Amino acid sequence: MKVMLQKDKLEAFPSEAVVAFHFEGDEKFLRETEAIDKASGGLISEVIQAGDFQGELYQTSLIYTKGAIPAKRILLIGLGKRRDFHLDKWRGTASKAARFLRDQGVKGFSLCPYLGGERKISLEDFCQGLVEGIYLGLYEFNEFKTEEREKIKEVEAIHLVTPDEKRISRIQKAVEAAEIISKAVYLARNLVSRPANRKTPSMLAQVAKEVAENNGLRCEILNTEEMEKLGMGALLAVASGSHESPKFIILEYKPPKSRLDTVVVIGKAITFDSGGLSLKPSENMDKMKHDMGGGAAAIGVMQATSQLKLPLHLVALIPATENLPSGSAYRPGDILNSLSGKTIEVISTDAEGRLILADALAYSHRTKPKAIIDLATLTGACIIALGENVTGMMGNDDELKARVRRASDRTGEKVWELPLWEEYEEQLKSEVADIKNVGGRPAGTITGGVFLKKFAGEYPWVHLDIAGPVWAEKDKPYIPKGATGVGVRLVVQLLRDWKVGS
Ligand code: BES
Ligand code: ZN
Ligand code: ZN
């Protein structure tokens with residue numbers, strides 16, 4: 001798919017379809033809609049006067065122009081009530097329009113990338129939001145379908161049309177950023193969608209290598225031996241049940257400028273979580289291929305950050321392994337020596353995410369980071385607490401949490417904070433080791449966070465539990481059912497805003 005910017009009048013631009021927007025309850029048309037209506041001899045007015053279209057959010061009406069304007073069709077789409085409108089609905093509208101036309105078999109369409117006269121949203125946000133909405137909404141995972149491939153419908157060309165010479169370079173920049181970010185989300189979604197036999201830790205490491213080669217990143221993959229030498233006893237214990245060897249993936253982006261802040265992004269990458277000897281029930285176990293969603297997002301963030309050439313030093317740490325039961329698997333009751341020096345008593349082998357993250361957190365201290373952000377599908381309890389759309393946030397630094405909140409507001413990736421009060425530490429006290437890996441059923445997400453906090457040390461750190469939003473059970477306006485790529489847009493936005501307020 002190609003997105004092209006054209007300096008022209010939208011109503012005079014030839015295409016298979018032109019998209020026109022309308023607010024519910026507005027007497028007047030938006031500027032571009034008005035121009036299309038006029039040029040077509042009132043085709044839009046006719047539909048509205050007939051009572052067929054009110055402008056409700058995502059309501060659509062397809063009009064054939066029969067040569068009245070150069071575009072073959074007009075897709076009229078509703079924006080809902082003006083006072084309820086915001087950026088996330090704009091992304092949704094762009095996606096709904098693109099999906100409607102794709103499903104019609106339309107291969108190319110044109111539209112203006114912003115709403116004239118709308119002041120609440122900046123020109124950049126409009127353009128980025130539109131292009132992101134289109135990309136993210138049109139995503140499909142077809143890698144493994146070999147039959148009837150000719151039936152797969154794809155949009156080939158999108159023309160962003162504006163006569164506004166003065167603003168074209170600002171628009172161009174926003175569009176480029178949107179494409180970079182959307183492609184990074186695609187990368188994460190593709191990895192999460194793939195089944196566990198097609199994304200073993202070695203395969204994931206290979207993908208990381210390729211991303212590094214294509215984007216000028218440093219890539220280092222630690223193998224079992226190297227992890228043994230370092231003393232990553234927690235990660236190695238989780239890996240011990242599988243024939244697949246674990247990989248500790250390190251990606252580094254360092255632009256040639258001195259004194260840049262270092263930020264570390266850690267992504268949990270359990271390529272399949274069976275629970276290990278604390279085996280999960282078989283129902284829905286297939287879903288546990290998405291237990292590497294944090295790692296996938298971290299790879300996506302690295303790709304986008306380097307392509308956007310952001311002025312900071314970014315390191316991604318991705319501990320990757322399977323969690324399987326076998327004769328060599330680690331056991332409940334085992335005591336592990338983690339890289340930090342702390343010993344961990346294993347209560348459940350299914351609380352494996354925090355074990356691999358403990359070693360990654362300890363490793364991250366080498367870089368003396370200004371911030372550590374971990375992304376992990378850590379607890380089922382987070383879905384119970386916050387639902388499937390919301391990321392649980394915990395951390396030890398108010399400023400960093402505020403940055404996450406701001407990025408959340410800007411991107412629409414919802415985040416809600418849970419507390420890490422000292423009282424919870426009681427639940428993780430072990431009689432035989434420094435800490436145990438499970439604190440019982442109450443506050444299951446929080447005790448996961450409390451465990452990680454012990455390994456984050458004194459560095460500003462935030463933990464994002466993405467167990468809910470990593471996978472969409474239902475279609476959302478611009479997130480098709482399935483892998484969402486959650487975390488990529490959120491963290492990239494945080495990094496783009498890094499200098500602001502620091
Ligand atoms: N990967 C799971 C968490 C998970 C569950 C993610 C459902 C997405 C959907 C994690 O490794 C796990 O099994 N956590 C346990 C923790 C418990 C043993 C303390 C859980 O949530 O039950
Ligand atoms: Zn688990
Ligand atoms: Zn897990």
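A pocket, on a 1 Å grid over the protein atoms alone, is an open set of points where a 1.4 Å probe fits, with protein on both sides within 12 Å along at least five of seven lines. The model is predicted: local features need pLDDT of at least 70, side-chain atom pairs count only at pLDDT 80 or more, and totals for chains, interfaces and linings use all residues. Residues are numbered from 1 along each chain as its sequence is written, chains are lettered from A and ligands numbered from 1 in the order in which they are written, and side-chain values use heavy atoms, with hydrogens and water left out.

**View 1. The shell around ligand 1.** The space taken by ligand 1 is the largest pocket. Ligand 1 is surrounded by 17 residues (a heavy atom within 4 Å), the closest being K280, D291, D350, E352 and G380. This shell comprises 7 charged (Asp, Glu, Lys and Arg), 5 nonpolar (Ala, Val, Leu, Ile, Met, Phe, Trp, Tyr, Cys and Pro) and 5 polar residues (the others, Gly among them).

**View 2. Polar atom pairs at ligand 1.** Oxygen atoms of ligand 1 lie 2.9 Å from a polar side-chain atom of D273 and 2.7 Å from a polar backbone atom of G380. A polar backbone atom of L378 is 3.3 Å from a nitrogen atom of the ligand. Of the 510 Å² of accessible area that ligand 1 has on its own (Shrake-Rupley method, 1.4 Å probe), the protein covers 79%.

**View 3. An open sheet of 3 strands.** The strands (DSSP runs of E, at least two residues) follow the order β12-β13-β17, with mixed pairing (at least two DSSP bridges between two strands). β12 (335–337) and β17 (435–436) are the edge strands, each pairing on one side only. β12 and β13 (residues 343–345) run antiparallel and are joined by 3 bridges; I335 has E345 of β13 as its bridge partner.

Notes:
Polar contact = N/O pair within 3.5 Å; in protein donor to acceptor, adjacent residues only side chain to side chain. 1 Å grid on protein atoms, 1.4 Å probe; cavity = no way out; pocket = protein on both sides within 12 Å on 5 of 7 lines; lining within 4 Å. Sits in = over half its atoms within 2 Å of the grid points. Helix = DSSP H or I, 4+ residues; strand = E, 2+ residues; numbered from the N terminus.
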